[in-house]
Amino acid sequence: MHSFSVGKHPLLRLLRYAKGYRTQVWSAIACTILNRLCDLAPSYLIGVAVDVVVERENSLISRLGVTNIVGQLGVLSLLTLLIWSLESLFEFLYDRLWRTLAQTIQHKLRLDAYTHLQELELNFFEERSTGTLLSILNDDINQLEQFLNSGAAEVIHFITTVLAVGGSFAIIAPSVAPFAIVPIPFIFWGSLAFQNRLAPRYADVREKASLISSRLTNNLSGIATIKSFTAEPYERSRVMDESEAYRRSNQKAIALSAAFFPLIRLIVVLGFIATLFFGGVAVANGNLTVGTYGFLVFIVQLLLWPFASLSQLMDEYQRAMASIRRVMRLLDTPIAIPTGSHPLPLKAVRGEVRLDNITFAYKDRTHVLKNLSLHIPAGANIGIVGATGSGKSTLVKLLLRFYEIQAGQILIDGIDIRELRLRDLRRCIGWVSQDVFLFHGTVAENIAYGNFDAHHEDIIHAAKLAEAHEFIVQLPQGYDTIVGERGQKLSGGQRQRLAIARAILKDPPILVLDEATSAVDNETEAAIQKSLFVITQNRTIIAIAHRLSTIRHSDYIYVMDKGEVVEQGTHEELLALNGIYANLWRVQSEV
Ligand SMILES: Nc1ncnc2c1ncn2[C@@H]1O[C@H](COP(=O)(O)OP(=O)(O)OP(=O)(O)O)[C@@H](O)[C@H]1O
């Protein structure tokens, strides 16, 4: 999606987000230049005032037709008032324009980064902590604010000042001007050297910030565990370590950044002294008037100070770049599981699933599934059992194409899932996972996640089928009760039933239940089974369970061990086989 911009300077890529705002950008540039010109004017007005009192009837203003001094000073005062008012007006305008643009850029960048993030494969998320990603999406993008708010204005102010003041310098005193600009190359050289040293320090600061963020998010979600193990002091010291590392990293950046401005000031003073000295010599030799000399000494500061403030801008720039680079790196992460192009209209799905000799290993791990084949006819109701860690959940995740298989083929209705449009594939599978995730929101909203267009009656119907209606209506606000983050205000069994209701509402041709009823009691499970039986007609069901009673009525049962199918058949056939399944059944029946 972003490949065309890879390789471009991150700042240029950032500025691309302002593309559709040409008028605002130009207006902002114009207002910034006008503001700076108005800002410089008073220094010139002082020159004009001196001119009035020294030259009297022969002053510059007298050429406008006002000859007496009071009149001239009156004109000057009005001019000053006008210019200062304009300066304020332009400042208001440019500040507002740049800051609005800054918000727009941040908003678009954040949205782009999030959209891209959502497309990345699960493996990407497994290798990074939530806190790290959060710090990029939130902190880093917010970090840009300061630079975006004022960076452009400062650059334009700088250029305007140098051109206006430098130009007038060259016109008024061509012989002194070269001395005034002597420090400029040194300032540039110093700024570049500074920039190169500062960049890695700010990159380190951002890195440390993301480490704190990841520790904090982790601890906040594990707060109950921390409390139960009375690990508060331990966690406090871990947070302290991360915070200390951040502080130290920042200190290193500050030490350098703080030294720069005073250093530049020293160089600036050289230009000031040169003007003072050589200008004085010129006056003594009769090559320069006293008035002009005074004026030059005054404006040389106007010329040189912006160079000093350049250091602050560089600082902000480097800080922003450290963040921009992190965001751009996220945007440049390639999507490892690309969508296919074959459409699979929901209505047309029959629901036949075939796994053909598949082999799969998680990244840097040994094989989880080896040469596994199984065939699920459309509309069949199959069960999968097996020891913990034998690869049952992995199999389902492969069907959803969360990971890519290394060998073999997975087919739905005879089409390789790699060829299918990813959204179509996932839309036709309803998945109730082992660890249910509920979003912060109401019960109804969480069920409606299965179908955002569902009516309230549909939600209730789905909840009834999932045996959830009864407990929902007993909650304080019924369907409008907030479930808390991750659904923590509900019991495990209640969460599972909401997840089942959500999957039922999705009404998928293929329904996968991975330990979907493991947390509910036998009685409730039996009731859910009965309801499910009603809706399982014309639907392919894949049920994974440790409790064999859950799947004993399946049309066909696969028994897995260490990534392979070791037994298969109906419940009766498997009992007759007298193998692993029969053994498990005996153990569980005795219990
Ligand atoms: N994201 C992952 N990255 C690396 N390894 C993983 C990942 N998920 C699972 N595994 C490993 O793959 C193996 C199979 O896990 P899987 O969850 O498929 O087993 P399961 O049969 O569903 O087990 P259970 O009955 O306990 O749920 C396990 O050894 C597990 O450690």
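**View A. Leaving aside its neighbours within four places in sequence, Ala501 is in contact with Ile447, Ala462, Ala463, Ala466 and Ala468.** Two residues are in contact here if their C-beta atoms, placed from the backbone, lie within 7 Å. You're looking at a predicted model, where local features need pLDDT of at least 70, side-chain atom pairs count only at pLDDT 80 or more, and totals for chains, interfaces and linings use all residues. Residues are numbered from 1 along each chain as its sequence is written.

**View B. The largest nonpolar core has 69 residues.** Ile447, Ala462, Ala466, Ile500, Ala501 and Val512 are the ones with the most contacts inside this core. Helix α16 (residues 492–506) gives the core its largest share, 7 residues. There's also a second, separate core of 59 residues, with Phe90, Val268, Leu288 and Ala322 among them. A nonpolar core is a set of buried Ala, Val, Leu, Ile, Met, Phe, Trp, Tyr and Cys residues joined through C-beta atoms within 7 Å. Buried means that 20 or more other C-beta atoms lie within 10 Å of a residue's own, exposed means 12 or fewer, and partly exposed is in between, with C-beta atoms placed from the backbone. Helices (H or I, at least four residues) and strands (E, at least two) are DSSP runs, numbered from the N terminus.

**View C. Strand β8 (residues 540–544) is largely enclosed by the rest of the structure, because 5 of its 5 residues are buried.** Thr540, Ile542 and Ile544 point one way from β8, while Ile541 and Ala543 point the other way. In a regular strand, side chains alternate between the two faces of the sheet. Strand β3 (residues 381–386) pairs with β8 in the parallel sense over 4 bridges, and Gly383 stands opposite Ala543 in β8. Strand β7 (residues 510–514) also runs parallel to β8, joined by 5 bridges. Ile510 has Thr540 in β8 as its bridge partner. Strands count as paired if DSSP finds at least two bridges between them.

**View D. Four strands line up as an open sheet in the order β2-β1-β4-β5, with antiparallel pairing.** The edge strands are β2 and β5 (415–416), and each pairs on one side only. Strand β1 (residues 353–361) meets β2 (residues 367–376) through 6 bridges, and it meets β4 (residues 407–412) through 5 bridges. Follow Val353 to see both pairings: it stands opposite Ile376 in β2, and its bridge partner in β4 is Ile412. Further along, Thr359 has Ala407 in β4 as its bridge partner. The hairpin of β1 and β2 has 5 residues between the strands, and Asp364 takes a positive phi near 60 degrees there.

**View E. Arg350 sits in the loop between α10 (290–332) and β1.** With 16 other C-beta atoms within 10 Å, Arg350 is partly exposed. Leaving aside its neighbours within four places in sequence, Arg350 is in contact with Ala378 and Asp413. Arg350 and Ile412 are 62 residues apart in sequence, yet their C-alpha atoms are 8.5 Å apart in space.

**View F. 13 residues surround the ligand.** The closest are Tyr362, Thr388, Lys392, Ser393 and Thr394. A residue is near a molecule if its C-beta atom, placed from the backbone, lies within 6 Å of it. Helix α11 (residues 392–399) supplies the largest share of this shell, 3 residues. By type, the shell divides into 2 nonpolar, 8 polar and 3 charged residues. Here Ala, Val, Leu, Ile, Met, Phe, Trp, Tyr, Cys and Pro count as nonpolar, Asp, Glu, Lys and Arg as charged, and the others, Gly among them, as polar.

**View G. Asp95 lies in helix α3 (residues 69–119).** Asp95 counts as partly exposed, with 17 C-beta neighbours inside 10 Å. Cys31 is 64 residues away from Asp95 in sequence but 8.9 Å away in space, C-alpha to C-alpha.

**View H. An unreviewed UniProt entry places the feature "transmembrane region" at residues 66–86, 155–188, 253–278 and 290–310.** Residues 253–278 are 100% helix, and their end C-alpha atoms lie 39 Å apart. Residues 290–310 are also 100% helix, with end C-alpha atoms 32 Å apart. UniProt's unreviewed entry also gives "domain: ABC transporter" at residues 353–587. Over that stretch the chain is 35% helix and 25% strand. UniProt positions follow the numbering used here, feature names are shortened, and annotations may be inferred rather than shown by experiment.
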